[in-house]
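Hi,

Here is the structure I said I would pass on. Have a look at it first, and my notes on one part of the sheet follow below.

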Amino acid sequence: MAPDSTAAPQASVPAYARAAADYAPSSHPDASGALVTAVRPDSPAYDAGLEPGMRVLAVNGEALTDMVVWLWESADEYAELEVLDPRDGTVAAAELERMPGEDWGVEFDGAVFDGMRTCVNACAFCFMTMLPKGMRRSLYLRDDDYRLSFLQGNFVTLTNMDDEDVADAVRRHLSPMNVSLHAVTPEVRRRLMGANAARGMEVLGRLMEAGIEIHAQIVLCPGVNDGEELDRTLAFAEANPAITSMGIVPLGFTAHQRRFERSYSDDPAAARAVIEQVRPYRERARERCGRAVFQLSDEFYLDARLPVPPAEEYDGYPQYYDGIGMIRSYLDDTAALRAEGGRLAAVSAALARAGLRLAVVSGEGAADTVRRLVGPGGLDGEVIAVANRFFGGNVNVTGLICGVDLLGQLAADLTGVMLIVPNVIFNADGRTLDGYHQDDITRELDGRGARTLVASTMPYELARTLERELALG
């Protein structure tokens, strides 16, 4: 059973707190609670009469505002719900019971139900503010919700958390929390993040004092928070063991802004200098706690023209989702596939028998890494590096490839090509960032003669996709 709720301290609500997306559920009074999207037959939720389209308003007497409340209140074998049936507007109680270890069998629409908290900062490096005009509205939404940090790994600044939010995070022990730190000197933080930067440091201190584990992040901007300020920020993390990992990523910028013209991608020597600056902190951390703690993103090693560290240096990849260790993982999986003996050769032989040439699309940043898999000694084929002209700047990652660049840079004649389009360029609705639908792209490329597959380009996933498509055992 969840611990007894204690009264939260009287919230001191700054003017910047509790900002939420203006089209989120909280702006629609008839859409409170959690929308049920699926109920598994013969599950506890099914037995209690829940159906898709209903709304769960409360669980064990507490308003259902997010998945944190659901996970907390439904942790035992019994839960009492208040459920709205939109067909007649009635609210009724529903009692759920389950066997130990059994899930409830219900799915909700999203992770937060009372409106996603949006960002109140003015970060100079914010990618959302560098987008071109005219894109779909949701892409300009800047989320900064501490609940999504716990639930989904989003990085948050903590600046829009009021005292009630902090008390909630502490009471429920929402750990680990992913925090965008960036800098510690007040003046530098204000320059980077805007007027609310001080609140983030205050909240961070309270969370760490409560024993909440922190995965921190620095977006390193040349001439702003590098050099001496980077040392100060790393020393702060070194002095606070609650910060169990610190990811350092380089500034990324598009051509649709006027603040930045360069980053570490333009200066290999500067990238190497950052790697050397972080090295002693990594060494001391490993001596102190057996982990490197301070992790540089893959881009720094690519920009510095240096090999990425071995797997053991990543300590289990605590910030893999932040682009830290992805290349090492890719290279190791590629090496393991090659060592399996004949598997990649069998795929290549099957492609040849079918009269097909393999071509794998990649962003420019990862293209050379993918060529370790698709190239000599691996899969027979080629890697097509697509330049990101839609965003421009130093954007070169695969996940940000846009439809206009993909279609504009691939050959007009793709006859006989088994073409792999990375699935990461599409969202859950099957659309690229610039609005092209997956079906339309596939149809266009097939019309050029390709046999197009939308699939993961990670080594084992790609191998399995090709084996399945070529009917290999």
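Let me start with strand 2 (residues 55-59): 4 of its 5 residues are buried, so the strand is largely enclosed by the rest of the structure. Bear in mind that this is a predicted model.

Now for the strands that pair with strand 2. Strand 1 (residues 34-39) runs antiparallel to strand 2, and 2 bridges join them. If you want a spot to look for that pairing, Ala34 sits opposite Val56 of strand 2.

Strand 4 (residues 78-85) is also antiparallel to strand 2, here with 4 bridges. In this pairing, Arg55 faces Leu84 of strand 4.

Then there is strand 3 (residues 62-63), which pairs with strand 2 in the antiparallel sense over 2 bridges. Val59 has Glu62 in strand 3 as its bridge partner. Strands 2 and 3 form a hairpin with 2 residues between the strands, and Asn60 takes a positive phi near 50° there.

One residue I'd click on is Leu81, which lies in strand 4. Is Leu81 buried or exposed? Its relative accessibility is 1%, and since the cut-off for buried is under 20%, Leu81 counts as buried. What does Leu81 touch? Leaving aside residues up to four places away in sequence, its contacts are Leu50, Val56, Ala58, Val59, Trp70, Ala92, Ala93, Ala94 and Leu96. Val56, one of those contacts, is the residue that stands opposite Ala34.

For a sense of scale, Leu81 and Pro280 are 199 residues apart along the chain, and their C-alpha atoms are separated by 54 Å.

Cheers

Key
Residues are numbered from 1 along each chain as its sequence is written. This is a predicted model: local features need pLDDT of at least 70, side-chain atom pairs count only at pLDDT 80 or more; totals for chains, interfaces and linings use all residues. Side-chain values use heavy atoms; hydrogens and water are left out. Buried means under 20% relative accessible area, exposed over 50%, partly exposed in between (1.4 Å probe, protein chains only). Two strands pair if DSSP finds at least two bridges between them. Contact means heavy atoms within 4.5 Å.
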